[in-house]
Amino acid sequence: MNKENYILECHNIRKAFGGTQALKNGELYIRPGEVHALLGENGAGKSTLMKCIIGLYSFDGGEILYEGKPFRARGPVEALNAGISMIHQELNPEPHLTIAESIFLNRESTRGIFLDKKRQNQKADEILKKFDFPYGAGTLMKKLTLAQMQMIEIIKAVSCNARLIIMDEPTSSLDSEETRQLFRTINDLKKQGVAMIYISHRMEEIFEICDRVSVFRDGTYVGEKDLEHVSKEDLISMMVGRKIENVFPKTECEIGEVVFRAENLKGNGFENVSFEVRKGEILGISGLVGSGRSETMRAIFGLEPLEEGKLFLEGKEVKIKNPGQAIRKGICMVNEDRKSWGLSLHRSIRENMSVATLPFKQKRLLLNKKREEKECKEIGELLKLKAASIEHDAFSLSGGNQQKVVLAKWLLADPKVLILDEPTRGVDVGAKSEIHSLMCRFAAKGMAVIMISSELPEVMGMSDRILVYHEGRINGEVKREELLAGTQNQETILNKAFGQ
Amino acid sequence: MENVKAGRVTDREKTRMFMGKYGIGVVLLFMMIGISIIEPAFRSGSNMINVATQVSINAMISYGMCLAITTEGIDLSVGAQLALVSCTIGQLITNSGWNVWSACIVALLVATVWGFINGFLVSKFNMFPFVVTLSTQLIIRGFAQVISGGQSIPVTNSTFKQIYSAKAGILPVPIILLIVVTVVMYLLLHWTKYGRYVFAVGDNMQAAIASGVNVFKVKTIAYTISGLLAGIAGIIFTAKTGSAQSNIGVGYETDAVAACVLGGTSFAGGITTIPGVLMGIFIIGFIYNGMNLIGIDSYYQSMTKGIVIILAVLLDMVMNKKNT
C-alpha cells in the first residue's frame, strides 16, 4: 500500500503508567474519508492510543505520522488546530453557554477586545443550517438532549476544519432514532472526505457504518480487516483470542411464585405501570431511552418519589421512601451510570463492596474488618474480579471490573429482587458474557432479576419475559416462548417500543 | 538496555509510592531535624511538651474541620465558636458564679448546638457549606459580643485554670485531651460504620444515597462533632489565657484547614486520614515554635506557613501524580 494513502499512521506506539504497560504496540492506519472502527475489550489500549494521538497523554515510544509528517500534539487544542478532534463518550457541556458560544469556544469572533456576538451567531446559524439542526445559535446548551449536544460537538469539529474525528462510543446513550441521525451525519462527513475513528462495543453498528476495523488486545495491535470480508465471530475471536461459543449463556431455570408486584405506579415520566416478577425469573425491560424505564425502577428503589401506586413484596404491601429501606427489604438496584450512582471511585474496592451492607453485617460499635475482608474476597473470586488487591481504588479498575464491584455490593446484601439498569453498558465482550452468566446463576438461586437494556439482542437473549415501554407506559409483553417459536421478533418488539 | 531502564523506573516508582503514602511524615521529620540543627533547644523534652500543649487547641478544631472537608464541605465557624464558648464561660463562672463543670458543659452544649445548626442547614437545604458557615460565624461572634458586652471578662477561678496547667505525671491536661480525642477520632473515622459513610458521602454523594446511606444524618453529625470539638478548643483556650473575650479565635479556621490539607485531606471530599491530619497539626505547630526559638519575626510566620502548605501540597501532587 502506498504511504501517501493514509491521513494518520501510528507505528509501534508505547505508553506505560507506573509499572503497567497500557499500550505495548499501537499500530493504526487511517485513510482519508473512511470510517475506521476500533475494537477491543476494555483495557485493550484503544482509549490510551486515542489519548496519545490527541495529546492528552505523551507516548513513551513509537511514531505518529499525520498527513505524512511526524506529529506529536502537546494537548487537545493543538490537535484540534491540526485538524484532529475527539468526541468523548462522556460529554462535558457548559449548560449556561449558548450553542454559538459552545461552537466558538476559545476562538470567539471579536471586534477589538469585545466579543462580536452578532457575527458569531450569524456564523453559527449558517453552520447549524447546513446540518439541519432544529435549534438556533442563541439556544442554551442545557435545553438540548444528549444526542443534540453530541451533534454540537461534531459541528464544532467540522467548523474547526477537522479532517480526522475520533468518536468514543458515540451511541452509548442514544436511542435508535438518534443513532440513525448520527449515522446520517457520519455518512455526510465521509462524503466530504473527513476520516473518522469509531470506537464501539456494538458489533451491529460497526458492521453498518464502518469500512475497516483495527482490533486491539491487551495493549497490542492484533490486526486490521475490511469489514466486507469478515464475520462477527471472527472479530470476537480476534478480540478475545478465543472463540466465544454462545453469545448469551441463558440457562432455563425453574420459575417459582411471585416475589414482587407493582400496581398502578405513577411518577415522574411514567404512569399506570403494573407488573410482577417471579422467583428465578429474568424480566427484561425494553423501550427507548427516556421512555420511563429507568424512572420506574428508580422510584421502586426509592431514589425518586412515587406519586401513586402500591408495591408488594412476597404478598405484603411495602412502602419504600429511600434506598436504605429498599435494601433492608431485599430490593437492590445497579444503576445505569456506575460512575455517578454506583461507586466511590477514590475509595478501595473493599469499602465500595461493603458500604451498603454495613447496617446488617456489622452490628458492633467497631468494624470487624477481618470478616469484611473475607466476605469481599470470596465475592470477588465468585465474580472473577480482576484486581491485584481489594485494597486498590475502584478508579484503577476497567469498566467491566467496576461493574463487578457494584454487583458484588448487592450480592453481599442477598437480595430477593435485583434490578439491573443497563448492566453491560461500556463493558467489554468478555466481562459482558460473564455478567450474563452471573445473572443466570442469581436467577437459578431463586432471585428475581429485572434487567433494563437498550440492546435488543441482550434483552431477547437473556429474558424469560420482556416488558416494552412506550412513552411512560407498558405497551406490551413478550414471552421467551413466543420469541423461540418465532411469533414475536426484534421487529415486533421495536414496533411496540415505537407505540404501534 | 530496555530492562535496565525498566528497572530504574520501578525503583523511582517505589520511591514515589512511598513518598505518596508517607510524604508528610518525611516533611515533618526533615523539619524537626532542620530546626534542631539551627536551634538545639528545640529538641528538649520540655519544648516538645510545650509544642504539644500549644497545638492541642488547633488539633481539636482541625479534626472537626477534617470531617467537614471530607464530606465535601468546610466549617468556617470554628473561630467564632471559640469566642462564644469563651464568653459563655466568662459570663457563667465569673459573672454568675456557676460551678466550673456545669459552666463547661453548658458552653460545650452551646457549641454543639451551633454545630448542629450548621449541619442541618447544609444537609437539609443543600446550601453551600462555605456560605452557611460564613454566615453563622457572623451570628455566633455577634452572640459572643452580646454576652460579654464587648468587654474582656477575667476568668480567675483556679479550678478552671487547672484545665490548662494541671499535669498527670509530666503530661498537662491539654495533651491528655489531645491523645484521647485523636484516638476517638481515629476509631470513628477508620473503624466505624459512620467513618465509612463519611468517606462514601464525600467521595460520591449520589452513589452513597444509592447505597442506602442517610446523607442528611452523616453530614449533620459531622458538623455537630465539629461544633463540639471547637467547644473543647474554646475551653482549653480560655483556661490558657484566663480571660473571656469576644474577639479571640479570628483566623483559627485557616490553621485548621492548613493542617487538614497538609495531612492529605482532599478538598474534593472522600479522602483523609487521622494520622495524616495529626502530622499536619504538628507541622503547623513546629512552624510557630521553631521560628520563635530561632528568633524570626512573627510577621514571617504566616508567610512561611503559606509557603510550606503550597510546597507540601505540590509535593503530594507530584508524588501521587494527581496532576496527570
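Predicted model: local features only at pLDDT ≥ 70, side-chain atom pairs only at ≥ 80, totals over all residues.
Hi everyone, let's start with chain A, which has 19 helices and 22 strands. Residues are numbered from 1 along each chain as its sequence is written, while chains are lettered from A and ligands numbered from 1 in the order in which they are written.

So, the overall form of chain A. Its C-alpha atoms fill a box of roughly 70 × 55 × 50 Å along the principal axes. The radius of gyration is taken over C-alpha atoms, and the globule rule is 2.2 Å times the number of residues to the power 0.38. For 500 residues that rule puts a compact globule near 23 Å, and chain A, at 24 Å, agrees. Of those 500 residues, 46% count as buried. Buried here means that 20 or more other C-beta atoms, placed from the backbone, lie within 10 Å of the residue's own.

Now for chain B, with 13 helices and four strands. Its C-alpha trace spans about 80 × 55 × 35 Å along the principal axes. With 324 residues, a compact globule would come out near 20 Å, and the 21 Å of chain B agrees with that. Buried residues make up 49% of chain B.

What about contacts? Two residues are in contact if their C-beta atoms, placed from the backbone, lie within 7 Å. Among contacts with a separation of 6 or more, residues 24 or more positions apart account for 69% in chain A and 78% in chain B.

Where do the two chains touch? The contact takes 24 residues from chain A and 21 residues from chain B. On the chain A side, helix 10 (323-329) and helix 11 (338-341) each supply at least two residues. Helix 10 gives the most, with three residues. By class, this side of chain A has twelve nonpolar, nine polar and three charged residues. Here Ala, Val, Leu, Ile, Met, Phe, Trp, Tyr, Cys and Pro count as nonpolar, Asp, Glu, Lys and Arg as charged, and the others, Gly among them, as polar.

Next, the sheets of chain A. Strands pair if DSSP finds at least two bridges between them. Six strands form an open sheet in the order 18-19-20-15-21-22, with mixed pairing. Strand 18 (331-334) and strand 22 (473-479) stand at the edges with a single partner strand each, so one side of each has no neighbour in the sheet. On average, neighbouring strands are turned by 20° against each other, direction ignored. Inside this sheet, strand 19 (residues 417-421) and strand 20 (residues 448-452) run parallel, joined by five bridges. Helix 16 (residues 429-444) lies across strand 15 (282-286), strand 19 and strand 20, running at about 150° to strand 20. Such angles run from 0 to 180 degrees between N-to-C directions, with axes as lines fitted to C-alpha atoms, for helices over the stretch in contact.

Another open sheet has four strands in the order 14-13-16-17, with antiparallel pairing. Its neighbouring strands are turned by 15° on average, direction ignored. Helix 9 (residues 293-300) packs on this sheet, touching strand 13 (258-267), strand 14 and strand 16.

There is a hairpin to look at too. Strand 11 (residues 212-217) and strand 12 (residues 220-226) of chain A pair in the antiparallel sense over six bridges. Two residues lie between the strands, and A:Asp218 takes a positive phi near 50°.

Let's finish in chain B. How many residues of helix 12 of chain B are buried? The helix is mostly covered, with 15 of its 21 residues buried. The expected span of a helix is 1.5 Å times one less than its number of residues. For helix 12 (residues 274-294) of chain B that gives 30 Å, and the end C-alpha atoms are 30 Å apart, which agrees. Just after this helix, B:Gly295 takes a positive phi of about 90°.

Notes. Buried ≥ 20, exposed ≤ 12 C-beta atoms within 10 Å, placed from the backbone.
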